[in-house]
Amino acid sequence: MNVANELTIGFSRVSKSGSYNLSGGTLNSTLTNINSGGTFTFAGGAMSAGVLVVEGQLKLTTGANKIVRAHELFFETETGTQGGVLDLSDNSMIVSFATPADIRFLIGKGYNGGTWTGPRITSSAAALTTNHALGYGVTPQNELIVKYTLYGDADLNGVVNFDDYARIDHGFNNGGSIWSEGDFDYNGVVNFDDYALIDLAFNTQGGARQQPVPEPSSVAVTFAASIAMMSRASARRCRSHAREREPMFAS
Ligand SMILES: [Ca+2]
Ligand SMILES: [Ca+2]
C-alpha cells in the first residue's frame, strides 16, 4: 500500500476511533497520524511511516520480525489522557531524525519503573520477562534504532558479554547517560541499579553467553568501591523535551 501524502487512523473529532491492520505487503506513507482512539496493528509486512504521530495506539504483534521505520516520531497528548502508546513488543524501530536523549525520554515513560506499562514507547514482551528490555542506539547511518534485547546489551548484539561490561564501566567512570553507555533503567545516570540489571541478564541469558566475561562479583566489588565517590550532584534526571508536544486537540 502506498499512501502519497497522509494516512490517518481514528480521525480527530469525528469518531475518535478507528483501526488499521497491516498484515502483509508494504505501507509507505509520508505522514502517519494515529489519533486518539485510533489503533494501528502492525502484524506483518513492512512499514515506512514517514512522519509518525501517535496519539492513539500503535501495536506490533510478537515475532521479532518487524521494524517500524519513521523519519520523525511525535507523541500527542490530549488533555486528560495518557496519550500515545507505541508497543514494539519483541520487535524494532528505526527513526531517521531523533537523538538518543529523545528516545531515552520516550522509552523511559514506557519503562515506568521497570513494569513496561507506561505510555510512549514500550514493550509488552519486556513486561513478561525479568531480563529483557528495549535498548536503543545509533546506527552507522546515524539513525536511531530501538531494539528488544537483554538488559545490559549496550551494543545491541543480542548477548551480554565483556564488551557490554566495558561499556558500562566506561559510562560509570565518565558520566554516561544513555543505553550504549550503561544506563539501562532510563534515569539518565549509570549507577548500581544498572549494574544489577546487566548482572541479572548476564546470569540468566543461558545459551546466548558467548565470551568469557569478568567475574560479576569482581565487577560488583569494583563498583562498590567506586560508588562512594559518586556525587548526588552528578545525578541527572530525565527532562521533558520538544518531542512530546502540547495537545493538538484540546478536549
Ligand atoms: Ca552485547
Ligand atoms: Ca541508570
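This is a predicted model: local features need pLDDT of at least 70, side-chain atom pairs count only at pLDDT 80 or more; totals for chains, interfaces and linings use all residues.

**Stop 1: strand β6**

Select residues 67-70, strand β6, and show the side chains.

Strand β3, residues 38-48, runs parallel to β6 and is joined to it by two bridges. Pick Met-47: it stands opposite Val-68 in β6. Next, select residues 92-95, strand β9. How many bridges join β6 to β9? There are four, and these strands also run parallel. Ala-70 has Val-95 of β9 as its bridge partner.

**Stop 2: helix α2**

Select residues 100-111. This is helix α2, with twelve residues. Its first and last C-alpha atoms are 15 Å apart, close to the 16 Å expected at 1.5 Å a residue. Colour its buried residues: Ile-103, Arg-104, Phe-105, Leu-106, Ile-107, Gly-108, Gly-110 and Tyr-111. What covers them? The cover includes β7 (72-75), β10 (120-122), β11 (132-138) and β12 (144-150). Step past the helix to Asn-112, which follows α2 and has a positive phi, near 50°.

**Stop 3: helix α4**

Move to residues 192-204, helix α4. Its 13 residues should span 18 Å at 1.5 Å a residue, and the end C-alpha atoms are 18 Å apart, which agrees. Highlight Asp-194, Tyr-195, Leu-197, Ile-198, Ala-201 and Phe-202, the buried residues of α4. Look down the axis of α4: these buried residues fall within an arc of 160°, so they line one face of the helix. After α4 comes Gly-206, with a positive phi near 60°.

Stay with Ile-198 and display its contacts. Leaving out residues up to four places away in sequence, Ile-198 touches Tyr-151, Gly-152, Val-160, Asp-164, Tyr-165, Ile-168 and Phe-184.

**Stop 4: the core and the whole chain**

Which members of the largest nonpolar core touch the most other members? Select Leu-88, Ile-107, Leu-134, Val-146 and Ile-198, out of 56 residues in that core. Ile-107 is among the buried residues of α2, and Ile-198 is among those of α4.

Finally, zoom out. The protein chain has five helices and twelve strands. Of its 251 residues, 39% are buried. Among contacts between residues at least 6 apart in sequence, 52% join residues at least 24 apart.

Methods:
Residues are numbered from 1 along each chain as its sequence is written. Chains are lettered from A and ligands numbered from 1 in the order in which they are written. A nonpolar core is a set of buried Ala, Val, Leu, Ile, Met, Phe, Trp, Tyr and Cys residues joined through C-beta atoms within 7 Å. A residue is buried if 20 or more other C-beta atoms lie within 10 Å of its own, exposed if 12 or fewer, and partly exposed in between; C-beta atoms are placed from the backbone. Two residues are in contact if their C-beta atoms, placed from the backbone, lie within 7 Å. The expected span of a helix is 1.5 Å times one less than its number of residues. Two strands pair if DSSP finds at least two bridges between them. The arc is that of the directions from the helix axis to the C-beta atoms.
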